[in-house]
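Hi,

Here is the structure I promised to pass on. Have a look at it first, and then read my notes below.

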Amino acid sequence: MPRSWKHPLVRGLLALAFVALAGPACVSKPTMQLDHAEITGIRIAFPPSLGILMTVVVNVHNPNSYDVAVRAVRGTVVLAGRYPLPVDFRAGGEGVWLPSDRTTQVRVPISIPVDLGYLLLRESFASPAIPYRFSGRADVTATRTFRLEADDYSVDDHGVVSRQQIAAALGVSL
């Protein structure tokens, strides 16, 4: 070590610089909570498929003093307690940026096959709502400057979607 680095003031400044650079690497875990789901219509996708577009809205709180971005959300939605659907949402560009110390809604699209939509309507004939469970994990990038990546921030929550919304998307009158 050069002699000038042994001086207590220089060593203190080096330690301070290290803490300043390493500080952003300590990403506090954002909390995710299911807010609601929306049925917004029919979705046509490639390869050829027809589905009902369900958007799960998740409130994500960023407790950090800097912005973080959600790059992807993966997991499963289980409708009516027995019909699992995969969730594989990848945000465009740099992701969905979450301002520091704020709660932001992240919208995760899910496609429900049309035949499952009809089945859910038949099975839920006596109920105005269809329960679902959303279990998933998010991949997060910390800070726009350093682009530190961390994965597996989780959510596991329950909600309901209106039977009427599914019927409207399918063009069925109840």
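Predicted model: local features only at pLDDT ≥ 70, side-chain atom pairs only at ≥ 80, totals over all residues.

A salt bridge, as I use the term here, is a side-chain nitrogen of Lys or Arg within 4 Å of a carboxyl oxygen of Asp or Glu.

Now the overall layout. The protein chain has three helices and eight strands, and along the sequence they come in the order α-β-β-β-β-β-β-α-β-β-α. Of its 174 residues, 37% count as buried. If you take the contacts between residues at least 6 apart in sequence, 70% of them join residues at least 24 apart. The accessible surface is about 10000 Å², and carbon and sulfur atoms account for 58% of that.

Back to the salt bridges: how many does the structure hold? There are five. One of them joins the side chains of Glu123 and Arg82, at 2.5 Å from N to O. Here distant parts of the chain are linked, since Glu123 belongs to helix H2 while Arg82 is in the loop between strand S3 (68–79) and strand S4 (83–90), 41 residues apart. Glu123 is partly exposed, given its relative accessibility of 39%. Another salt bridge pairs Arg90 with Asp88, whose closest N and O atoms are 3.3 Å apart. Arg90 counts as exposed, because its relative accessibility is 52% and the cut-off for exposed is over 50%.

Helix H2 (residues 114–123) is worth a look for its two sides. Val114, Leu116, Gly117, Leu120 and Leu121 are its buried residues. Viewed down the axis of H2, they fall within an arc of 155°, so they line one face of the helix. Asp115 and Arg122 are exposed, on the face of H2 turned away from that buried side.

Then there's the inside. The largest nonpolar core has 42 residues, and the ones with the most contacts inside it are Met54, Val77, Leu79, Phe134 and Ile166. Strand S7 (residues 129–142) gives the most to this core, namely six residues.

What does Met54 touch, leaving aside its neighbours within four places in sequence? Its contacts include Val77 and Leu79, along with Ala37, Ile39, Val108, Ile110 and Tyr132. Is Thr55 buried or exposed? Thr55 is buried, because its relative accessibility is 9% and buried means under 20%. With the neighbours within four places again left out, Thr55 is in contact with His36, Ala37, Glu38, Arg107, Val108 and Pro109.

Finally, the outside. Ile42, Ile44 and Leu50 make a nonpolar surface patch of about 320 Å². Ile44 is part of strand S1 (residues 31–45), and with a relative accessibility of 73% it counts as exposed.

That's what I have for now.

Best wishes

Methods: Residues numbered from 1 in each chain as written. Heavy atoms only, no water. Patch = residues over 30% accessible without salt bridge, like charges linked within 9 Å, V, L, I, M, F, W, Y side chains within 5 Å. Areas by Shrake-Rupley, 256 points an atom, 1.4 Å probe, with all protein chains shown as cover. Helix = DSSP H or I, 4+ residues; strand = E, 2+ residues; numbered from the N terminus. Buried < 20%, exposed > 50% of the residue type's maximum accessible area, 1.4 Å probe, protein only. Core = buried A, V, L, I, M, F, W, Y, C linked by side-chain atoms within 4.5 Å. Contact = heavy atoms within 4.5 Å. Arc of directions from axis to C-beta.
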